[in-house]
Amino acid sequence: MTKSLVTFDKVKKQFDDFVAVKELNFEIREGEFLAIMGPSGCGKTTTLRMLAGLETPSGGEIRLHDRVMNDVPPHERDTPLVWQSLALFPFLTAQENVEFGLKMRGVGKAERHERAVKWLDKMGILEFADRNISTLSGGQKQRVALARSLVMEPQILLLDEPLSALDAHLVIRMQAVLTELQRELGITFVYVTHSQSEAFAMADRVIIMGKGEIAQIGAPKDIYRAPANQFVAEFVGRNNILSGKVSAVGESTAQITTASGTFTVPTNEVPLAQDNSASFVISADLLHIAYAEPETANKAYCKLISEEFVGSMVTLFLEDAQGQEFKIQMQERELSKFDLHSGTHIWLSWDMLSAHVLREG
């Protein structure tokens, strides 16, 4: 079991009457890539700023190893932060930017130069060492910002939406750079983002935050396939959520009656009781379409409303007679087998085990 590096113990943050972060309890493990994501205003950046020492908790403790860090100033922490804006000095060269933190710590000129050259080379931008920051591309600036933080050889690196200003093709490239760096160095990365694709592509674990508290924490696949509640299910992707009342409960399955029909779901760890309200989710990539009515019980007859193409993937937006919206994701080559256009009626279905019952809240 990987050791804990950072512990958030009942940590709160309040600005006057506004509670930005409610009671947080979680650990950050040594050498892991942890992503914190959620909608704007959920408290993710405030959480990162408390870890960086830029905000002081209103309650609880943040511990690095066993040392309480609440009142430790940023410059005494081993937790550099890569900002969304990068915060590079425009009047310095790339190398001078990388050396700046070392200079502030009193590292000698020769050692500063050696370490800066090492990291510029590792980031693949040594040839731009003497360039002014204003002459570099967005991706090159991003690498300078990373080198400036990593040259300090920290235990933990904090990143606040560092890829948000980059073009789409650069984002993919930098995701690969960050993932490779983290695995090579074994440094703990804590990465704040609103982008599911970034978090799920890079992180070992993901924290989903909403309204100042943790809604779910776990591996990306577990969160995607088994969201803890409706908030997470709606936030993390193209999920289909159906709600109704429990009409039957068996040993391993239950039936939930919705406006669109009665559907069979597995009885997972969420307890279900007769006549209680319940909701379940099916991921968009686990639904199937067919012209003929399927034999399975879990099916719906729908009309195609629109399509969305993203490269080789396509998302179909459908609606049944009761107004329930369904989303299906599939490969474009699979879709080409069907002659679909707006207004086309088609059957959709899903395997019973593809449904995941949601917890309340």
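This is a predicted model: local features need pLDDT of at least 70, side-chain atom pairs count only at pLDDT 80 or more; totals for chains, interfaces and linings use all residues.
I begin with the helix pair. Helix 4, residues 138–150, packs against helix 5, residues 168–185, at an angle of about 20°, and their axes lie 11 Å apart. Angles under 35 degrees count as roughly parallel, and helix 4 and helix 5 are therefore roughly parallel to each other. The crossing of helix 4 past helix 5 is right-handed.

Which residues of the two helices meet? Helix 4 contributes Gly139, Gln142, Arg143, Leu146 and Leu150. From helix 5 come Leu170, Arg173, Met174, Val177, Leu178, Leu181 and Leu185. Sorted by class, this contact between helix 4 and helix 5 comprises eight nonpolar, two polar and two charged residues.

The buried residues are Lys44, Thr46, Thr47, Leu48, Met50, Leu51 and Ala52. After helix 1 comes Gly53, with a positive phi near 90°.

Five strands form an open sheet in the order 13-12-11-14-20, and their pairing is antiparallel. Its edges are strand 13, at 261–266, and strand 20, at 356–357, each of which pairs on one side only. Within the sheet, how many bridges join strand 11 and strand 14? Strand 11, residues 239–249, and strand 14, residues 277–283, pair in the antiparallel sense over seven bridges. In this pairing, Asn240 stands opposite Ile282 of strand 14.

How values were computed. Residues are numbered from 1 along each chain as its sequence is written. Side-chain values use heavy atoms; hydrogens and water are left out. Axes are lines fitted to C-alpha atoms, for helices over the stretch in contact, and angles run from 0 to 180 degrees between N-to-C directions. Helices (H or I, at least four residues) and strands (E, at least two) are DSSP runs, numbered from the N terminus. Angles under 35 degrees count as roughly parallel, over 145 as roughly antiparallel, 65 to 115 as roughly perpendicular and the rest as oblique. A crossing is left-handed if the near helix is turned anticlockwise from the far one by less than a right angle, and right-handed if clockwise. Contact means heavy atoms within 4.5 Å. Ala, Val, Leu, Ile, Met, Phe, Trp, Tyr, Cys and Pro count as nonpolar, Asp, Glu, Lys and Arg as charged, and the others, Gly among them, as polar. Buried means under 20% relative accessible area, exposed over 50%, partly exposed in between (1.4 Å probe, protein chains only). Two strands pair if DSSP finds at least two bridges between them.
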